[in-house]
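Biologist: Could you walk me through this model? I'd like to ask about its parts one by one.

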Amino acid sequence: MTTHKDQQQHGLRTMWIWIAALAAVWFFQFFISDNIDPYFFGIIMYAGVNIILAVSLNLVNGFTGQFSMGHAGFMSVGGYFAAYLTTSLQASSPALFASAPAAGAIFIASLVAGGVLSALVGYLVGLPSLRLKGDYLAIVTLGFGEIIRVIILNVDAIGGARGMPNIPQLSSFGWVYTFVVLTVFTVWRLIHSAHGRALLSVREDEIAAEAMGVNTTKAKVRAFVIGAFFAGVAGGLFAHYLRYLNPQTFDFNRSFEIIIMVVLGGMGSVTGSVFAAIFLTGIREALRPLQEITKVDFRMVIYSLMLIILMLTRPNGLLGTRELMDFIPEKLRRRFSKKGVTL
Amino acid sequence: MVEFLQHLINGLSLGSIYALIALGYTMVFGILQLINFAHGDVYMLGAFIGMYTARAFHYGQSSSLSSLLVTMAFSMIGCALIGFMIERFAYRPLRRSPRINVLITAVGVSLFLEFSGQLLFGSDPKFFPQIYTPAGDWSIGQLRINPLQVIVFGISITLMTILQYIIFRTRLGRAMRAVSFSHDLASLMGIPTDQVIAYTFMLGSALAGAAGVMVGLTYPKIEPLMGVMPGLKAFVAAVLGGIGNVTGAVVGAIVLGLAEELLVGYWAPTYRDALAFAILILILLFKPTGLFGVRRTEKV
Amino acid sequence: MKFNIQSQVQKFSTNRVLVTIALATLVAVGGACKKSQTSAMNAASDVIRVGEVGSMTGQEATFGISTHQGIELAFKQINAAGGVKGKKLELISLDDQGKPEEAATATTKLITQNGITALLGEVASSRSLAMAPIAQNSKVPMITPSSTNPKVTEQGDYIFRVCFIDPFQGTVMAKFARENLKFSKIAILRDVKNDYSVGLANYFSETFKKMGGEIVVDQSYSAGDIDFKSQLTSIRAKKPEGIFVPGYYTEVGLIARQAHDLGVTAPLLGGDGWDSPKLTEIGGTAINGSYFSNHYTPEDKSPQVQSFIAKYKEAYGSIADGEAAMGYDAALILADAMNRAKSLEGADLRDAIAATKNYQAVTGKITIDQNRNAVKSAVVIKVDGGQLKYQTTINP
């Protein structure tokens, strides 16, 4: 029987990996990031944003089994709101951004605000949509993504079709990857908790879950809202790196790219999504010379073909529902965890 | 008043085009419970096949009904073949897989067709040869009706009638209805399920091909992404009418066309596309079976 | 639970391979991450690298391709005549698929990986706006051949343009409509998805009203729409004398046809977004009698223009459109600035470009003003019998 003290110790022992990750991120930020070639740095930053998007979408699509195709919409809501806050603040009182800690604080606040607004929109979208099943849910979420995009296009205050330029460059490696760690941590902990098991039960057999007393609607909405929150944060990080937002960036193709990452990595594997996000971001640029030589862009054709072939041959993606830890031999794993509970 | 009537005519014309595409959607859904995302892109391919056919036969120079019919024939046959191949290679292997896998594959096929189209045809818009320009225009005072609009409307109604006939008066149609009720039971009764499904796909795709040619003719600009929005809207129309129901698809399409036209004319033109989704959401929330649909209980 | 059982049934070897591949990718990416020594590379070589970002694929591919061909032609000519300061110009073109983030990534790549001295691009303002901050930060001069949104050059002192800006272009058509065509009632049909269209419509509206005209109705559509009958029916009811359609040729052709179908006889007016051979192809006879403003006209009898048109036709088999001419001019002005500059370092090149005065280009006499925009005239073209005919010139 585990005592309260045992449980506390267990909690701390598994926290170390996350704290170590954060430390590594900030070490990289302060000592290495300046020496990285800007082109590759860009790839790393976009990879980070994509990891957050893929992991947050996996929570909805993979773990809860609700196929949402409108993730780009949430990304845009969070991105635009965060950018709107920082650009207005910068215009009205530029002095606030003078010192790094102050700028950082404003940045975090605007990111969180963007995420919260996204979560709210996720709630509004989720309530009607999550009553539907499979194909219908997919199309309705696609529709909502489009509606959000059309609304943004028509709001002149945030630039409309012209887009929003002059967003301050507040995204740094440190902040992006801090949120990557935070997202992965949250989703991981959520999945390995009672709430997570509720989500999985919804995925496996919704009617049985309902019969067992799981409030399936609440579970689904919860996943949706959390997924939307992180998508919004990712949007904010993206906006403050590219420094320019345009509604056409957040069309269905963007949602599709995130879906591909989730499917490739394995719908139900957090580490799978991380790898797939990194892989696809990298491959996007790796294929560029091909485009330069042939003068045609094969990338989207390759992606869609890959998706079809993946579904036909290996629908579970790279890792399926397994995690990276599952490949580490038993003995090694046991050293890093307490009885029965792995990382 | 004239303005309103003109809007009605425009709306009917728009709706009849959505109807042609919606018919294919509803048939495939009826039999496979699958939203064939690629249907809109088959429509696009129909338009391109039509364009290349017309160019090959040099139809652009003169206008004649026969050139239209020949072009449509080529287009319909070509699309039927494409539909067959999609079903055979992308959907059939996944017949027993979880629904979500087929859904993802459908999205994949759709995007593959779109981007390959961009690669093959070039992503800039192309001009569709004016192979049939019916003479004169039928106007009643300020009210202008393009004879082409009437013809498209006529063709939609004709095809719908033919489809109704096939489904309710022929053996193939009976087989289709049986398969849509239950695959296993139908095959137990001796119906070649795979074949019937293939025929359904081919029929639906042929209709989409015809739609592609008609649209190319009416709105002479075609490009590889032209199927995305009409495809989604046709799906909404099918759902509105009751998915799986042929008459419903046509009625739903006409309602959608009218609604869109009136919204754009009197209120907010830029929310035109959003309207289709709004209608979808409302219908799915309040009357998920659509106007003509039947309630289905989910068996546990 | 399903997923627990699965973890016991591991296909150890195949999955090991997959995971190894994933990790290998990470390592490869990590290893390639060192900052490359591009500036040293540049000084030592015997070519001057110039980058270009354009939309060679995507909806507005003709704009990107035309611009690219214009630049290519100019570079060929300059290199044949000996290059700049004895060195040949090398053009590195990247496609941005019509997306702003792609344009930004392409720009970063060109600057850091390819070590370019200067940047040409983009046609669309939304993509130029994504590229400009990067060029500005890296102190690489950027010249956009056709972006007309005023905000582009406001991004920094390294950003220039060789075309007129939307406020001017909107004024041009307003003046033409009011003074030449003597119109007093105009309807606007703008593309809300397109920043260029929205900007032009706003400036036109402002000027036209200031000159005493009336905008009877302001309708809109979205790029990609094919049916405009609804908006045109509403416009028809207000009986305008002309319709201002500042969109791209992709929709304008259809709009003209449908307007004709509805019995609307008022001519259409537009901007340089109409400039493409597809305009008359898609518009057919319906677009005859309409006018649009542009950067230049192939009918200009000056020897420079005619020689350009002839050489372009020889190389690419078609009549050069506005975008090609602008690309050509941007390249020429860049080369001219390079010749005048003290050195090819960012700051010196920037100053040389800024000092461009009365440069005789294909699209007119170009002077770069203190806002880094070009001061030049616009021409108004009439579509007549399927041909583009020069109508008049409007000076700033």
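Predicted model: local features only at pLDDT ≥ 70, side-chain atom pairs only at ≥ 80, totals over all residues.

Biologist: Over how many bridges do β1 and β2 of chain C pair?

Modeller: Strands here are DSSP runs of E with at least two residues, helices are runs of H or I with at least four, and both are numbered from the N terminus. Two strands pair if DSSP finds at least two bridges between them. Strand β1 (47-54) and β2(C) run in the parallel sense, and the number of bridges is eight.

Biologist: Which strands of chain C stand at the edges of the sheet?

Modeller: The open sheet is parallel, with five strands in the order β2-β1-β3-β4-β5. A strand at the edge has a single partner, so one side is left without a neighbour in the sheet; these strands are β2 (88-95) and β5 (159-161) of chain C.

Biologist: At what angle does α13 of chain C run to β3(C)?

Modeller: Helix α13 (322-340) lies across β1, β2, β3 and β4 of chain C. Angles run from 0 to 180 degrees between N-to-C directions, with axes fitted to C-alpha atoms, for helices over the stretch in contact. For α13 and β3(C), the angle is about 165°.

Biologist: Which element of chain C gives the most to the side that touches chain B?

Modeller: Contact requires C-beta atoms, placed from the backbone, within 7 Å, and 29 residues of chain C are in contact with 23 residues of chain B. The elements giving two or more residues include α4 (61-80) and β7 (214-221) of chain C. With six residues, the one giving the most is α9(C).

Biologist: Where is the kink in α2 of chain A centred?

Modeller: Helix α2 (38-63) of chain A has 26 residues and reaches 36 Å from its first C-alpha to its last, close to the 38 Å expected (1.5 Å times one less than its number of residues). A bend is the angle between axes fitted to the seven residues ending at a residue and the seven starting there. In α2(A) the kink is about 35°, centred on A:L57.

Conventions: Residues numbered from 1 in each chain as written. Chains lettered and ligands numbered in written order. Contact = placed C-beta atoms within 7 Å.
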